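Here are a few backbone details to look at as you go through this model.

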Amino acid sequence: MDAEKRIQRLKDRLTYIRDIFANKEDNSVRLLAAKLEEILGREEAMPGSVLSEELNRIEELFDFSERKLDTLLSPMDRVRIVRHPQRMCLKDILENVYDNYTEIGGRGEFNIDPAMLIARAYFTRKVGDRIINQMVMVIGQEKGHGEAFRNGGSVKPWGNAKALHYMKVAETENIPVHTFIFTPGAYPVEDWPGAAQQIARNLYEMAALKAPVISVFSEGGSGGAEAIGLADRRLMLSHGYYSVISPEGAAAIEGGLRGGDRASPELIEKCASRLCITAEDNLRNGYIDRVLQEPPLGARPNHYEFFRELRRELIQATNEAVSEVKSMKLYRAMAVRASKSDDAESIFMRWNLSSSALNRLVELRQAKFRNMSRHARFDGAGFLKRGVAVTKGAIWATHSFFRYDVLGRQKKRLDAMFEDLGAEAHLVRHKLLMPLKKTIDKMLPGNNGEPLRKSEEARDKLTRLSCPDDGACLVGSEWVWTSPRSQEDRTISCPNVRTHHCPDLWVPDLFGDFAGVCPSCGHHFPMEYRWYLENTFGYRESREFNRQIESVNPLNYEQFDLKLDKAKKNTGLKSACITFETSIESVDTVVAVLCAPFRGGSVGAAEGEKFICAAERAGRKRQPFIAYVHGTAGIRIQEGVNGVIQMPRCTIAVRRYIDAGGLYLVLYDTNSYAGPVASFLGCSPYQFAVQSSNIGFAGPGVITETTGMTIAPDYHRAYHALSRGHIHGIWDRREVKKNLHQSLLTMGGRNLYYR
Amino acid sequence: MLNIKELLDKVKASPYREIVIHAPHTGVVEFAGLKPGDRVQGLTGDYKEKPGTLLASLTREKNKKSITAPEQGQVENIRTELEGSFVEAGEPLVTIKHYLTRKEVIELVLQEALFLFRAPERAKFYFVPEVDQKLKVSGKRSVKVHEGMEFLIVSRMKRETPLAYSGPDGIIYSVYFGRGDTVDEGEPLIGVCPEDQLTVIQDVVARIQSEWEEE
């Protein structure tokens, strides 16, 4: 029955409204409920025509109220909208936006990861009399209207790996990629390929993916969103959110909750509004390009008008991305730029690009991200200083170009020639002289008095007592800097005492000579970052740069100014990142340090910028680039998307540097988690960890909270990360410098100055 | 010969184990304020990662270490007279009465009564065909083993070698591994009991299973 269907639909709309407003009392909701109740009561008695009349009236009332309620939506209401099972999801988009599609990679539950959906789809376009199908690769999270096996769009690492695979396929087939982001965050498991490491890999590949990428944000939860969100055009749905962390997570951190306690709804509501997660906020901050208006209270599967709009926007965005770099475009490019409104469908443009156009596309994408989040940091350098810095950069680049490319290449060629000649000469000499020498040796057999004397000397050295003046005894500490903790007269016990029976350690010994390493089991006690700066990186002789770039509070997050000032005062730093040039065993390098004492080593806009500048500097000077992570808790949540955007930004910088032929080496210490590991740290081909460090995506509390699994206490230990394949070696603290030098000699690309 | 009845009576007379916590090393003792009769928890958590109830702390060289309960039970005695004083290593500090669980009692009885033949290495184990046949046909209490009898096949990395029994003669009372299971080194493979005690042991275990009341 038609009337019954209409009534059911009205009921659905009412429950939807109630869910969205989380049972907040509101007059319009009450009115709607009362009216619907009334009609339901009289439904039986009414004749068909009157009922239909009544239904028309109440439907109009619903439309009106929805429009009115739409203006009252708080950020948390929007979060509830995108998570609601009635919200349209990727399958609906595939059905209604594209003209045809084939899902790739499984049916329903029978899928490597049902939360990640891949499809080949096309738009059918009419150009003159011809019909043309424009192929795209659709990649996105599928929430499946509340199907449990989809995990609400939380993608497991292998799901992201699948996404990456099909991005590469799109690159090969030269078709655009449309990504749809419907995720509250990535599913935090460490098993290969690793939640963090796979996101890092995705970002790294997307940073230079040779295919136009258009992404649409509905629910953009931090790392999970970034895994497929690095795009040429980023559209956002007006009722969506894009955030560094779920409001619940932020509230749990804010409230200092532990062990499964739930934050109060008020606090969550407050965090949601403070984090600036709505489409408008993100548009204002420049992290998305366009907002697509949804119907009041969010798009649901029956809003066909919205899908038409989305289709138009997608075609328009793809056209824009393509026309920017295409060489043969003429009038159409202008038309694309002009047609912000209605006739995107009328312009046809081939979406496959030549290789030079693809290179331009990648360049543009990288430049686009490079220019983001300028407002979210404070650069203390004056106008003049900045000008000098830019000039200096240009000079270095030219200098390196001439020295290592123009002249260096010639010199290398010459050297190689001389080397060859020398080897030839050596062989000839060897061939000629050896027989001669042999005959002489045979004729004069007693010709070996000298070696005997030498061995006597050696024996003497080996057998006599060692004397301090020969440098045979250790005098004083071998460390340039020792921790102030070593001044304390007390003992502490090693945490491995139960298994390894380590004796108690006297603190002056432990933090002095032993460098914080238990001599009996090798447990590494956490050490100050100063120790590494002084003993490994020679900070005193180094040249620090960009010291003036300062962390600020871009969202005016409540009470954060105070905390930031405190951190600045306590550490004497202006951000958690220290960047400097130094030489390690006479190899000049650029080093970026993330230090844990400054807000947990979290990464915000200032840290990201410093890191990018360091990577660029290393690239210009042809020097190796070392990231020493003394500790990082993740992205600084108080900066909101200003923080999370550093994931793609820094990864792009790293990608550019590695592609230019550098050596990017990451060294983890103490605890490294979340965003940075899932982007610019985790993408390095050379990652090492200091013993006893922890590396992971989410901490144990978050894993238990989101997956319901309790994990072993040593789940994130470096040795586990090593056996999972996330890192590539574990170093002893006392040998870090030696190992670094060894790595500088054995690893890295073609463009290092000492190669 | 072992008297099972006597053993059981002994367990029944004192259905708990007394755990005496000694000072692991010298230091100044500070008790956590427990009284005799208080209940304490042992290690908990899926991975035994949460330490037990704090009993006392011992400070040596400004290094304060906590002493926690190893098992759940009841505080029997606390030497409060030592509070704040310096003790030598090995000084008894707290006594905990740990009531035995059903599983522990059975284990205790079987440990006394059975001889456990343990896996010499990590491998899969099979009975030799004759023994296997006999076990299948007439049940496991029908196989007699004696010193030097080759009764098992050790299968590891596709190499199969026979394994001889060593230990007192008797009947196989229980088999602790399944077909095709990989058994770790040192895990018990079979429990052997003297022929004449078979019925007694079976009886006792059955009685414990049904009658033992856990705390």
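1. Which residue is the bridge partner of V127(A) in β5(A)? That partner is R130(A). Please keep in mind that the model is a predicted one.

2. The strands on either side of this pair are β4(A) and β5(A), which make a hairpin with 2 residues between them. In the turn, G128(A) has a positive phi of about 60°. The two strands run antiparallel and are joined by 12 bridges, with β5 covering residues 130-141 of chain A.

3. β4(A), residues 116-127, also pairs with β1(A), residues 100-104. Here the strands run antiparallel too, and 5 bridges join them.

4. P193(A) sits in the loop that links β6 (177-183) with α7 (195-206) of chain A.

5. A515(A) is not a glycine, yet its phi is positive, at about 55°. You will find A515(A) in the loop between α18 (507-511) and α19 (529-535) of chain A. Is A515(A) buried or exposed? Its relative accessibility is 0%, so A515(A) counts as buried, the cut-off for that being under 20%.

6. A674(A) is another residue to check: its phi is positive, about 60°, although A674(A) is not a glycine. A674(A) belongs to helix α24 of chain A, which spans residues 674-681.

Methods
Residues are numbered from 1 along each chain as its sequence is written. Chains are lettered from A and ligands numbered from 1 in the order in which they are written. This is a predicted model: local features need pLDDT of at least 70, side-chain atom pairs count only at pLDDT 80 or more; totals for chains, interfaces and linings use all residues. Side-chain values use heavy atoms; hydrogens and water are left out. Helices (H or I, at least four residues) and strands (E, at least two) are DSSP runs, numbered from the N terminus. Buried means under 20% relative accessible area, exposed over 50%, partly exposed in between (1.4 Å probe, protein chains only). Two strands pair if DSSP finds at least two bridges between them.
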